[in-house]
Amino acid sequence: MPRRVGSVVPSSPQLAKRMAREVAHFLGSKPGGRIVEVGAGTGAITRALVNSRTAAPLTVVEADRGCCAYLRRHFPLVQVIEGLVEENEERLTTPGARLALVSSVPLFSLTGDQRTNVLAAYERLIRRASAARIVQFTYAPWLPDQRAYSLLGRRAQSVWQNLPPAWVWSATHQIST
Ligand SMILES: C[S@@+](CC[C@H](N)C(=O)[O-])C[C@H]1O[C@@H](n2cnc3c(N)ncnc32)[C@H](O)[C@@H]1O
C-alpha cells in the first residue's frame, strides 16, 4: 500500500459523521466560512460534509488522480483539486475566512519529511484564516510528533464503529493579527 494512502478501507459513516459534526459546530450558520478537506479518497467524509448542509463552500484536495475523477463524478458541486495540499496552498486560501480544515492524510504512514511538509502547510493555511478548526483522524490514540500535538491538541475522541477503530482530533485556533 502506498505511504500516502494509509488504509484501503474507507472511513465508516460513524467516523465521517463525527468529523463533519466538528465542522458544523465550528462554522455554525454564520457566513464567511470555508471547508477544506485534505485526502478525500473515495469521499466517505466528503459525503458526510455535504450531507451536513453547512453553508460554507467545500474544496477537496486529493493526491490521487483516480480518486479525483471519482470525486468529481459523485460530488459535482464540490471543488476538487488534484495534487498535494502542500503544493496548492494558494488555491486553498481565502484570507480572513474562518477555516475548517478536515484531514485524513495518514500521518503515521508518511515519511518524516512528508509529514513535516503537510503539517507546515496546515499551519500556514490556519495562519491565513481569521479562525480555524482542524479535524484529523488517526488509528491510534496518540500522535507521531510534537508538531502534530501543537496543531491538533492533546485529547482525541474514540470512534469504535470504524475498521480499525479511530481517534478524532479537533483543535480550534484563534488567529491574532
Ligand atoms: C486513508 S485515505 C482517506 C480517504 C477518505 N478520506 C476516508 O476517510 O475514507 C488518505 C488519502 O489522503 C491522500 N493524501 C495523502 N497525502 C496527501 C497530501 N499531502 N495531499 C493531498 N492528499 C493526500 C491519499 O491519496 C489518500 O487518498
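Which residues point one way from S4, and which the other way? In this predicted model, Arg98, Ala100 and Val102 point one way from S4, whereas Leu99, Leu101 and Ser103 point the other way, and all are buried (a residue is buried if 20 or more other C-beta atoms, placed from the backbone, lie within 10 Å of its own, exposed if 12 or fewer, and partly exposed in between). Because the model is predicted, local features need pLDDT of at least 70 and side-chain atom pairs count only at pLDDT 80 or more, while totals for chains, interfaces and linings use all residues. Residues are numbered from 1 along each chain as its sequence is written. Helices (H or I, at least four residues) and strands (E, at least two) are DSSP runs, numbered from the N terminus.

**Strands and their pairing**

- Strand S4 (residues 98–103) is largely enclosed by the rest of the structure, because 6 of its 6 residues are buried.
- In a regular strand the side chains alternate between the two faces of the sheet.
- S4 pairs in the parallel sense with S1 over 6 bridges, and Ala100 in S4 is the bridge partner of Ile35 (two strands pair if DSSP finds at least two bridges between them).
- S4 also pairs with S5 in the parallel sense, over 6 bridges; here Val102 stands opposite Val135, and Leu101 has Ile134 as its bridge partner.
- Between S4 and S5 the chain passes through helix H4 (residues 112–127), and this β-α-β crossover is right-handed (with the strands pointing away from the viewer, the path from the first strand over the helix to the second runs clockwise).
- Strand S5 (residues 131–138) is mostly covered, with 7 of its 8 residues buried, and S5 pairs in the antiparallel sense with strand S7 (residues 166–174) over 8 bridges, where Ile134 stands opposite Ala171.

**Nonpolar core**

- The largest nonpolar core has 45 residues, and those with the most contacts inside it are Met19, Val23, Leu101 and Val102 (such a core is a set of buried Ala, Val, Leu, Ile, Met, Phe, Trp, Tyr and Cys residues joined through C-beta atoms within 7 Å).
- H1 gives the most to this core, with 7 residues.
- Apart from its neighbours within four places in sequence, Val102 is in contact with Met19, Val23, Ile35, Glu37, Val38, Ile45, Leu49 and Val135 (two residues are in contact if their C-beta atoms, placed from the backbone, lie within 7 Å).

- The buried residues of H2 are Ile45, Thr46, Arg47, Ala48 and Leu49, and what covers them includes helix H1 (13–27), strand S1 (33–38), S2, helix H3 (65–74) and S4.
- Of the 24 residues around the ligand, Arg4, Ser11, Gly39, Gly41 and Ser104 come nearest (a residue is near a molecule if its C-beta atom, placed from the backbone, lies within 6 Å of it).
- Helix H2 (44–51) and strand S2 (58–62) each supply at least two residues of this shell.
- The shell divides into 14 nonpolar, 6 polar and 4 charged residues (Ala, Val, Leu, Ile, Met, Phe, Trp, Tyr, Cys and Pro count as nonpolar, Asp, Glu, Lys and Arg as charged, and the others, Gly among them, as polar).

**Backbone exceptions**

- Most residues other than glycine have a negative phi, and most peptide bonds are trans.
- Arg53, in the loop between H2 and S2, has a positive phi of about 55 degrees although it is not a glycine, and Arg53 is exposed, with 9 other C-beta atoms within 10 Å.
- The peptide bond from Leu163 to Pro164 is cis, with omega near -10 degrees, and Pro164 lies in the loop between strand S6 (156–159) and S7.
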